[in-house]
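Subject: Structure handover and notes

Hello,

Here is the structure for your files. My notes on a few of its residues follow below.

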Amino acid sequence: MLAGSFDRPSFDGVRWVAVNAATVVNDTADNLVINQKGATRELCPFVLRFESEPQALVNAVDITDLTAR
């Protein structure tokens with residue numbers, strides 16, 4: 001999971017054929033909350049109890065509503 005805010009203009013000039021997703025996220029996001037490891041910047045889980053804003057978002061989602069069919 002990652003969290004951040006992305007403004008449309010921040011994507012202007014991105015060379016989509018030449019970059020990977022991690023580079024785009026890191027270069028375009030404001031207030032980025034992400035846990036990346038190693039030289040490849042592999043996306044890894046972060047511990048929500050240390051990240052209050054993403055924790056509040058997770059708490060606000062009604063999982064039963066999302067999974068109801």
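Which backbone oxygen lies 2.8 Å from a polar atom of the side chain of Asn 35? In this predicted model, that oxygen belongs to Pro 45. Asn 35 is part of strand β3. Leaving out residues up to four places away in sequence, Asn 35 touches Glu 42, Leu 43, Cys 44, Pro 45 and Phe 46.

Gln 36 is in strand β3 too, which covers residues 35-37. Gln 36 has a relative accessibility of 23% and therefore counts as partly exposed, since that class lies between 20% and 50%. Two polar partners of the Gln 36 side chain can be named. One is the side chain of Asn 26, with a polar contact at 3.2 Å. The other is the backbone oxygen of Arg 41, which lies 3.5 Å from a polar atom of the Gln 36 side chain.

Next, the aromatic side chains. A pair of aromatic rings is described by two quantities, the distance of the centres and the angle of the planes. The count for this model is two aromatic pairs. In the pair of Phe 6 and Phe 11, the ring centres are 6.1 Å apart and the planes are at 15 degrees, so this pair is stacked. Phe 11 also pairs with Trp 16: here the centres are 6.0 Å apart and the planes are at 25 degrees, so this pair is stacked as well. The cut-off behind both assignments is that planes under 30 degrees apart count as stacked. Phe 6, Phe 11 and Trp 16 together form one aromatic cluster.

How accessible are the members of that cluster? Phe 6 is partly exposed at 35% relative accessibility, and Phe 11 is partly exposed at 27%. Trp 16, at 52%, counts as exposed, because the limit for that class is over 50%.

Thr 28 is located in helix α1, residues 21-28. Is Thr 28 buried or exposed? With a relative accessible area of 5%, Thr 28 is buried, because the limit for buried is under 20%. The side chain of Thr 28 reaches the backbone oxygen of Val 24 at 2.6 Å.

Last, the surface. Leu 57, Val 61, Ile 63 and Leu 66 make a nonpolar surface patch of about 390 Å². One of these residues, Val 61, sits in the loop between α2 (52-60) and α3 (63-67). Val 61 has a relative accessible area of 34% and is partly exposed.

Regards

Note on methods: Residues numbered from 1 in each chain as written. Predicted model: local features only at pLDDT ≥ 70, side-chain atom pairs only at ≥ 80, totals over all residues. Heavy atoms only, no water. Patch = residues over 30% accessible without salt bridge, like charges linked within 9 Å, V, L, I, M, F, W, Y side chains within 5 Å. Areas by Shrake-Rupley, 256 points an atom, 1.4 Å probe, with all protein chains shown as cover. Salt bridge = Lys/Arg side-chain N within 4 Å of Asp/Glu carboxyl O. Helix = DSSP H or I, 4+ residues; strand = E, 2+ residues; numbered from the N terminus. Buried < 20%, exposed > 50% of the residue type's maximum accessible area, 1.4 Å probe, protein only. Phe/Tyr/Trp six-rings, centres within 6.5 Å; stacked < 30°, edge-to-face > 60°. Polar contact = N/O pair within 3.5 Å; in protein donor to acceptor, adjacent residues only side chain to side chain. Contact = heavy atoms within 4.5 Å.
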